[in-house]
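I opened the notebook to get to know a new structure.

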Amino acid sequence: MKFCSTRGGVKGLSFQEALLCPGYASDGGLVVPEAIPRLSVDDIRSFAGLTYPEVVEKLLGYFVSVDELSPTEIHGLLDGCFERFRRPEVAVMTEVGTIHVLELWHGPTGSFKDLALTVTSCLVNYFLQKENKRGTVLVGTSGDTGSSAIQGTVGKERLSAVVLYPLGRVTRVQELQMTTVDSPNIVVCAAEGTSDEIDTVLRNVFTDAEFASKHMLLSFNSINVARVLVQIAHFFYGYLKVCPRADQEAVFYVPSGALGNIAAGYVACCMGLPVKLVACVNENDVFHRTLVTGELSLSKEVIHTYSSAMDIQVPYNFERLLFFMSHGKGEVVRGVMETFERVGSCIIPHDILEGNMVLSSTRADTEETLATMRRVWTEHRYALCPHTAVAMNAAALSHSHPAVTVVVATATPTKFGNASEMADVPLPNDPAISELFSRPERVLLLKKEDDWVQAVKLNIDELTKLHK
């Protein structure tokens, strides 16, 4: 298997090159597989009964050439990867009324990001050791990616990390999960701005080719193709849990921000998994408006909501979806994305959207989100995080559909006390969260007027000097 850029200017990358790519490909695109393997029904059925780690292991074998990582080596890397998860199943399927809920939040930080980043960090560390190199992970987070990336980096001898989050736009628990980590290879920055402003800074740093090469810059955001590849397992594992004979269609309702999970689900569909996908967004509804109107355009501002991980204007994995939906037409993707980057809006070719048969979207505002959290607790005594509530709202409204319905639960509700309080949902005491409030914090403030790009580069320079 080889990898290429969504914009067509880079081809023939090995898995190692794709994994260690400094954020974006050299032509500005995102890295994707050059081809997606198509599985037979029997192939899909063979996943039934496998544990979540076994599903990840088997799927990686379709995308990683044996001359880079043999099945034995993949197994060795994943062995013990998930030992810090709170449930032995790693991912848990439960039922809330007639709706299946796939809980992906039983990792060390209580977020679905733990699943992919646990694997991605192990893969990255392996290849850095192989090449006798060090890498610096540069991450922007709207809530959960930062803490998951930090947990994936701590203890990895070949890795350091610089993490940026938008000050006042994440929950206090999310913030403490980042700022209370005391490790010499971690720098956490609180920026007086939005997630989209942080993403712009990251793109500027990553696209400084000389700087990125000097410091071996890496991304643990879903820019990194390994994140997307691992997350394909969510859909295979979840589908075979509810349809072990692979003889029914299932609809997955997915809380969506940067669209990494949806991009992974779309790849699963292309592989032959009989599922349909619903991307569920909050008031920051750029992707929903794009599918409805055919125009990708910015809103006037990012709206701060309780589902903070979805408070994103520019969902960068839309570029991957566009590549997949256009059947790999890099020149089309390049034209669309360069227009969008230049003027802030663009028209998606009609034939691409018309040919999409598996992906749709819905929108829920804060009132609907809180009402869903309250209703599900009252009726089922089941607590939802606000992101999952956005998806549950859509599933409940559409549950007349005859297909099996799966809601993807992306975070533990105990990280979102304010939203739960507003929804009148009591939360149990979580000792792992409670003890965060007694720890000292280490955080660098990036003020609005500061040069964020320069500040980030200075901190990366310091980490490189420290660990030489």
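Before anything else, I noted the cut-offs: buried means under 20% relative accessible area, exposed means over 50%, and partly exposed is in between. I also noted that this is a predicted model.

**Entry: salt bridges**

I began with Arg-439, which has a relative accessible area of 33% and is therefore partly exposed. Its side chain meets that of Glu-435 in a salt bridge, 2.6 Å from N to O. I found Glu-435 partly exposed too, at 32%.

How many salt bridges are there by this rule? I got a count of 20.

Next I looked up Arg-86 and Asp-430, whose side chains form a salt bridge at 3.0 Å, N to O. This pair links distant parts of the chain, 344 residues apart. Arg-86 sits in the loop between helix H4 and strand S3, and Asp-430 in the loop between helices H18 and H19. Is each one buried or partly exposed? Arg-86 is partly exposed at 47%, whereas Asp-430 is buried at 12%.

Then I turned to Arg-203 and Glu-341, where the closest N and O atoms of the salt bridge are 3.8 Å apart. I have Arg-203 down as partly exposed at 24% and Glu-341 as partly exposed at 43%.

**Entry: strand S14**

I checked strand S14, residues 404–409, next. Six of its six residues are buried, so the strand is largely enclosed by the rest of the structure. Val-404, Val-406 and Val-408 point one way, while Thr-405, Val-407 and Ala-409 point the other.

Which strands pair with S14? I found S4 (residues 99–103), parallel over four bridges, and S9 (residues 250–255), also parallel over four bridges. Leu-102 has Val-408 as its bridge partner, and Phe-252 has Val-406.

**Entry: the open sheet**

I traced an open sheet of five parallel strands in the order S8-S5-S6-S7-S15. S8 and S15 stand at the edges with a single partner strand each, so one side of each has no neighbour in the sheet. Two bridges join S5 to S8, and Val-137 stands opposite Leu-218 in S8.

**Entry: a charged patch**

Last, I looked up a negative surface patch, formed by Glu-192, Glu-449, Asp-450 and Asp-451. I placed Asp-450 in the loop between strand S15 and helix H20. At 33% relative accessibility, Asp-450 counts as partly exposed.

Technical notes
Residues numbered from 1 in each chain as written. Predicted model: local features only at pLDDT ≥ 70, side-chain atom pairs only at ≥ 80, totals over all residues. Heavy atoms only, no water. Patch = residues over 30% accessible without salt bridge, like charges linked within 9 Å, V, L, I, M, F, W, Y side chains within 5 Å. Areas by Shrake-Rupley, 256 points an atom, 1.4 Å probe, with all protein chains shown as cover. Salt bridge = Lys/Arg side-chain N within 4 Å of Asp/Glu carboxyl O. Lys, Arg positive; Asp, Glu negative; His and termini not counted. Charge placed at Lys NZ, Arg CZ, Asp CG, Glu CD. Buried < 20%, exposed > 50% of the residue type's maximum accessible area, 1.4 Å probe, protein only. Pairing = 2+ DSSP bridges.
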